[in-house]
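Subject: Structure handover

Hi,

Here is the structure for you to look at. Please open it alongside this email.

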Amino acid sequence: MVAQWGIRISCAAKSHSGAQQVAPSRPPARDGATAHSEKASALTDTTDQTQSQKIDLAEIFQSSGVKEVLEELDRELIGLKPVKDRIRETAAFLLVQKARVELGLSQETPTLHMSFTGNPGTGKTTVALKMAGLLHRLGYVRKGHLVSVTRDDLVGQYIGHTAPKTKEVLKKAMGGVLFIDEAYYLYRPENERDYGQEAIEILLQVMENNRDDLVVILAGYADRMETFFRSNPGFRSRIAHHIEFPDYTDEELLAIAEHIAEEQNYHLSPDAEAALSEYITLRRKQPHFANARSIRNAFDRARLRQASRVFSNAKGPVDAHTLSTIEAADIRASRVFRGGLDSDPKGMPTGSVKEDT
Amino acid sequence: MRVTQGTFSFLPDLTDEQIGKQIEYCLEHDWAVGIEYTDDPHPRNTYWEMWGNPMFDLRDPKGVMMELEECRKANPDCYIRINAFDNARGVESVVLSFLTDRPEVEPTIEMTRTERNGRSVGYTHIVRR
Ligand SMILES: Nc1ncnc2c1ncn2[C@@H]1O[C@H](COP(=O)(O)OP(=O)(O)O)[C@@H](O)[C@H]1O
Ligand SMILES: [Mg+2]
């Protein structure tokens with residue numbers, strides 16, 4: 001019995017149940033729901049049988065691949081403890097919810113829509129990708145892909161343009177997760193004819209009616225999201241999980257830099273590490289600081305400087321060590337050490353250009 | 001008269017669940033799925049109206065089913081079919097096509113044979129409503 005349940009979960013995660021994937025013309029109460037309510041009424045008759053039925057959660061945790069995703073999350077993302085804790089909690093909740101449905105203790109799909117709030121570069125997009133994989137393995141979305149959009153992908157330029165645009169995106173997101181970055185830009189109260197409102201209405205409808213077909217994650221700055229929710233209570237009421245992404249500490253950012261370097265078979269010399277530490281402290285005080293993304297960009301530029309240094313210094317054949325070492329000079333050449341931004345046009349040491357979007 | 005056409009012409013009409021599974025199969029094979037409709041089921045009418053563009057970048061049949069649903073709403077008294085186009089070099093044609101919907105009252109298709117010289121026969125079809 002127990003093993004069988006475990007297998008059914010992993011099957012649901014690998015493919016999908018036919019009854020859920022089709023029949024858009026049917027009312028929201030689907031086959032699944034009917035089956036469950038039958039089960040619920042059966043519960044009153046055959047209580048003994050149901051009570052003796054047992055479900056091995058640990059087994060499912062293993063066999064569904066949920067454990068694997070959580071371990072990956074732990075390994076690949078530095079820091080983010082509160083986020084990881086929340087995700088583990090959510091995974092446990094969804095696992096238990098599945099088991100409860102199986103035993104006829106509850107009937108409905110829990111609300112899965114989420115909001116990820118935090119400053120740029122704190123890992124929201126990266127975690128959303130993992131979340132999609134997690135929901136897929138738990139059997140809550142059929143395919144588990146992530147479709148990442150912003151206002152421009154949803155909202156049109158003229159009357160009649162918005163609804164088809166939004167629907168096009170929704171069609172692609174079906175069976176997976178729709179990630180709306182900087183979701184608050186959908187709402188522009190200063191312009192009462194703004195087409196964003198149309199996209200909002202379609203989204204709200206789909207979030208309510210297609211709960212088995214897709215999960216929506218809204219992402220952005222915490223304060224603006226709060227304002228957005230206040231003016232659009234429909235969203236707040238449809239979102240069950242709010243996850244906050246804190247800024248990284250300097251130490252975490254250094255660890256992230258090392259992690260990024262390692263990913264690409266580079267390493268930092270001890271001097272380079274010290275230089276990067278200084279870089280991080282300076283960079284944080286400058287405009288358009290974007291946490292881990294600023295670090296990734298800094299590393300990309302250091303890599304370019306390293307290449308040009310190695311190339312012009314090479315007097316003969318070079319070895320793997322030379323090709324993969326980032327030296328302090330590669331970091332210290334950054335304009336950040338001279339009060340500017342790396343992305344500034346030459347000779348303009350003030351922060352007027354947005355580093356990244 | 002029950003008009004039949006396409007891949008599953010020998011079967012009873014497909015349910016939405018069965019249509020969804022066929023679409024799943026198409027998407028798995030990277031075929032572009034198109035929805036077409038017409039009120040003229042004449043066998044020589046190959047040019048049905050397209051309901052939007054063919055869909056090739058979806059992951060899940062639900063996206064196609066949403067369009068099919070819209071098409072049904074907009075054209076309640078039409079024939080609707082789903083075509084799947086395989087763009088693989090050397091194939092480059094429709095590889096699957098089946099009816100999903102038919103009008104409540106279907107027209108009759110009448111066939112006339114005309115004897116011609118040398119025992120050859122001409123066939124003419126007329127759609128009668
Ligand atoms: N905890 C982390 N560990 C390692 N790399 C990270 C971490 N958080 C973010 N990154 C990297 O930083 C970059 C920006 O992250 P992203 O998820 O796009 O942030 P956001 O969506 O919050 O702006 C990505 O390249 C990602 O790989
Ligand atoms: Mg992002």
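This is a predicted model: local features need pLDDT of at least 70, side-chain atom pairs count only at pLDDT 80 or more; totals for chains, interfaces and linings use all residues.

Residues are numbered from 1 along each chain as its sequence is written, chains are lettered from A and ligands numbered from 1 in the order written, and side-chain values use heavy atoms, without hydrogens and water.

First, confidence. The predictor gives the complex an ipTM of 0.85 and a pTM of 0.82.

Now the site. Ligand 1 is surrounded by 16 residues, counted when a heavy atom lies within 4 Å of it. Among the closest are Thr125(A) and Thr126(A). Tyr248(A), Arg293(A) and Arg296(A) are also on that list.

Those last three make polar contacts (N or O atom pairs within 3.5 Å):

- Tyr248(A): a polar side-chain atom sits 2.7 Å from a nitrogen atom of ligand 1.
- Arg293(A): a polar side-chain atom sits 2.7 Å from an oxygen atom of ligand 1.
- Arg296(A): a side-chain N or O atom is 2.5 Å from an oxygen atom of ligand 1.

How much of ligand 1 does the protein bury? Alone, ligand 1 exposes 560 Å² (Shrake-Rupley method, 1.4 Å probe), and the protein buries 89% of that.

Best wishes

Notes. A polar contact is a pair of N or O atoms within 3.5 Å; within protein, one must be able to donate a hydrogen and the other to accept it, and residues adjacent in sequence count only if both atoms are side-chain atoms.
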